[in-house]
Amino acid sequence: MVFDYLVVWTELQVPSGLELHAEQWAGYFQPVIHAPGHIQSDWARVRERSDIVMLASLWHTAGEFRDFTASPCAQLYRENLASVGIIPVSSRETVNGSGYWFDCMQRSFVQLFWVYFPAPVTEDQRAQVQKLRGLATPAPAPGASRQYELQRSPPKQLWVAQTESWHGQEVQLLLWPHFWKNEEAAEWRLLPANHYETIMERFTEALEKVDPKEWKEEFYRFQKLPRL
C-alpha cells in the first residue's frame, strides 16, 4: 500500500521544566501515540524560543489524522494538555509521498528553515525553489567511512498544505529541515565557500533570489515520544 504520509507540526507553549519528568511528560501525548494511523511523534524545545516545544507527528494519511481530531481521544488529549498549562500555539500540515526522512529527526541536530512566500505560489515558483540544494554537504569520497558524513539525510523541502497570514499578508510556508549529524557538524555551514563569503552566506544569497517574503531558522534536538 502506498501512503501520502502526513506530518503535523504543532507549536506548544509549555511551562518550564514540565518535560523533566519523562514518563509523566510522555503520558500527556498517549491519546495521539495510540491513535490509528499514527506512526511516530518527536518533540523538542525550540532553542531560540525556550517556552515553545515543537511536536512533529507522522501519520499514514491525512484521513486518519482527521478521524483522530474528531474523536473523543482528541478531546482527552486537549484536556491532558490544558490540565498542566500546555497551550497549542499553531498547527501546520505537510504531505509527502515518503516518510523515510522522519526517523532522522531524533538522531540529528535539526536546523529548520521557515521560508515564507507570497501566496499563491505557482508551479513555476515551486520548480525554482526545488532546484535549490540547501546546505547539502558534499558526498563522501568512495570508500570513505560513514563516520565522516556531516548529515544524516539530505535536506527536505516540505510545503505546508494551508496558506496562512503573516503580518497581514497571505503567505505559503516552506519548512526546510536539515539533518546535521551533531551540532559540531552544523558548523560546516560557517566555513568559507570562497574568498568573500561563507557557505551559509552563499546559501542565503541563492534563497533570496527566489523572492521569499521572509525567512528564519531554528535549531532542535528532537526526542521520540514513547508508547506507554
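Some ground rules come before the tour. This is a predicted model, so local features need pLDDT of at least 70 and side-chain atom pairs count only at pLDDT 80 or more, while totals for chains, interfaces and linings use all residues. Residues are numbered from 1 along each chain as its sequence is written, and side-chain values use heavy atoms, with hydrogens and water left out.

Let's begin with the layout. The protein chain splits into domain 1 (6–98) and domain 2 (109–220), with bounds that come from an automatic or database domain assignment. Their centres, taken over C-alpha atoms, are 25 Å apart. At the interface, 14 residues of domain 1 are in contact with 17 residues of domain 2, where contact means heavy atoms within 4.5 Å. The two domains bury about 1,300 Å² between them, and 58% of that is on carbon and sulfur atoms. Buried area here is the accessible area (1.4 Å probe) that two parts lose on being put together, summed over both.

Next, the rings. A pair of aromatic rings is described by the distance of the centres and the angle of the planes. Rings of Phe, Tyr and Trp (its six-membered ring) pair if their centres lie within 6.5 Å; planes under 30 degrees apart count as stacked, over 60 as edge-to-face and the rest as tilted. By that rule the structure holds 18 aromatic pairs. Take Phe-68 and Tyr-77: their ring centres are 6.4 Å apart and the planes meet at 50°, so this pair is tilted. Phe-68 counts as buried at 8% relative accessibility, and Tyr-77 is buried too, at 12%. (Buried means under 20% relative accessible area, exposed over 50%, and partly exposed in between, with a 1.4 Å probe and protein chains only.) Phe-68 and Tyr-77 belong to one aromatic cluster that also takes in Trp-25, Tyr-28, Phe-29, Trp-43, Trp-59 and Phe-65.

Another tilted pair is made by Phe-113 and Phe-203, at 4.8 Å centre to centre and 50° between the planes. Phe-113 sits in strand β5 (residues 109–118) and Phe-203 in helix α7 (residues 199–208), so the pair ties together parts that are 90 residues apart in sequence. Helices (H or I, at least four residues) and strands (E, at least two) are DSSP runs, numbered from the N terminus. Phe-113 is buried at 0% relative accessibility, and Phe-203 is buried at 6%.

Rings also meet charged side chains. Arg-126 lies over the face of Trp-159, 4.6 Å from the ring centre, and Lys-216 lies over the face of Trp-114, at 4.6 Å from the ring centre. The test for a charge over a ring is NZ of Lys or CZ of Arg within 6 Å of the ring centre and within 35 degrees of the ring normal.

Now for some single residues. Glu-19 is found in the loop between β1 (5–13) and α1 (22–27), and at 17% relative accessibility it counts as buried. What does the side chain of Glu-19 make a polar contact with? The partner is the side chain of Arg-45, at 3.0 Å. A polar contact is a pair of N or O atoms within 3.5 Å; within protein, one must be able to donate a hydrogen and the other to accept it, and residues adjacent in sequence count only if both atoms are side-chain atoms. Not counting residues up to four places away in sequence, Glu-19 touches Trp-25, Trp-43 and Arg-45.

His-178, in strand β9, is buried at 0% relative accessibility. Its side chain reaches the backbone oxygen of Trp-176 at 3.2 Å. Leaving aside neighbours within four places in sequence, the contacts of His-178 include Phe-109, Phe-113, Leu-135 and Pro-155.

Last stop, the backbone. The peptide bond from Ala-119 to Pro-120 is cis, with omega near 0°, and Pro-120 lies in the loop between β5 and α5 (123–130). His-167 has a positive phi, near 55°, in a residue other than glycine; it sits in the loop between β8 (164–166) and β9 (169–180) and counts as exposed at 69% relative accessibility. Asp-211 also has a positive phi, near 60°. Asp-211 is in the loop between α7 and β10 (214–220) and is exposed at 55% relative accessibility.
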